[in-house]
Amino acid sequence: MMIHDIPTRFQAASLDTLDAQVRQKVEEWLDAGEVLLITGPTGVGKSWTAAAAAKAWQQKMRAIAERRAEERGYMPDPKDKVLWSSVPTLAGIIRDMEHGESVIAHCREAHLLVLDDLGSEKASEYLVERFYSVIDHRYAWIRPYIVSTNLSLATLAQMWPRMASRLGSGVILSLSGSDRRLKGGAK
Ligand SMILES: Nc1ncnc2c1ncn2[C@@H]1O[C@H](COP(=O)(O)OP(=O)(O)OP(=O)(O)O)[C@@H](O)[C@H]1O
Ligand SMILES: [Mg+2]
């Protein structure tokens with residue numbers, strides 16, 4: 001599969017692993033729903049934070065379903081499925097017309113959508129229009145989603161104003177610091 005659940009690299013992510021201010025923003029998003037936009041340079045932990053947020057969201061959805069189960073005597077569908085995709089990967093699939101539309105439909109309808117690494121490649125007008133249609137659908141139906149990007153909201157707004165307007169409408173988390181991947185720190 002090209003689009004899937006939280007990747008192996010980020011399986012250990014949880015709210016407990018986040019810095020206090022970052023965690024606070026993620027919790028704000030958990031309460032509000034809608035969109036969590038995570039910006040920052042490479043290696044600062046955007047994908048990790050997205051995974052921690054997605055897992056906390058799953059736990060919340062399961063807890064809601066369990067509470068309902070006590071009231072109703074049966075367990076309703078927890079609606080806790082995460083659809084995680086890196087945007088460059090997704091872009092490749094969308095260009096492939098055979099599967100493109102069904103993947104777009106999954107992105108529109110997923111319980112939680114995570115779009116990792118938006119803006120890291122040059123997108124055609126067609127591609128931007130397809131992504132916009134996903135974002136606008138989730139915005140319209142008030143479905144939660146998380147977007148990580150190396151670009152600032154200001155840059156996104158210059159490139160894609162209508163998309164950026166929606167992406168910036170929820171909780172914005174700007175991460176900074178050094179690249180966590182470079183051991184010994186290239187500061
Ligand atoms: N809070 C954290 N606790 C432990 N490890 C972390 C944390 N944040 C990030 N890491 C580790 O640092 C590495 C880099 O983080 P991550 O991949 O999330 O960066 P990124 O901002 O998404 O980078 P890029 O823009 O290149 O995609 C990850 O592989 C992860 O293992
Ligand atoms: Mg990343």
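I call a residue buried if 20 or more other C-beta atoms lie within 10 Å of its own, exposed if 12 or fewer, and partly exposed in between, with C-beta atoms placed from the backbone.

The model is predicted, so I take local features at pLDDT of at least 70 and side-chain atom pairs at pLDDT 80 or more, while totals for chains, interfaces and linings use all residues. Residues count from 1 along each chain as its sequence is written, and chains are lettered from A and ligands numbered from 1 in the order in which they are written.

**Helix α3.** I looked up α3, residues 87–95, and found Val-87, Leu-90, Ala-91 and Ile-94 buried. They sit on the same side of α3 because they cover an arc of only 105° around the axis (directions from the helix axis to the C-beta atoms). Their packing partners are β2 (82–86), α4 (97–109), β3 (112–118) and α5 (125–140). Helices (H or I, at least four residues) and strands (E, at least two) are DSSP runs, numbered from the N terminus.

**Ligand 1.** I see 16 residues around ligand 1, with Gly-45, Lys-46, Ser-47, Trp-48 and Arg-180 the closest (C-beta, placed from the backbone, within 6 Å). Helix α2 (46–72) gives the largest share of that shell, three residues. I get three nonpolar, eight polar and five charged residues in the shell.

**Ser-47.** Ser-47 belongs to helix α2. Ser-47 is buried because 22 other C-beta atoms lie within 10 Å. Beyond neighbours within four places in sequence, Ser-47 contacts Phe-10, Asp-116 and Ser-148 (C-beta atoms within 7 Å, placed from the backbone). I also checked Thr-149: it is 102 residues from Ser-47 in sequence but 9.2 Å away, C-alpha to C-alpha.

Conventions. Ala, Val, Leu, Ile, Met, Phe, Trp, Tyr, Cys and Pro count as nonpolar, Asp, Glu, Lys and Arg as charged, and the others, Gly among them, as polar. Two residues are in contact if their C-beta atoms, placed from the backbone, lie within 7 Å.
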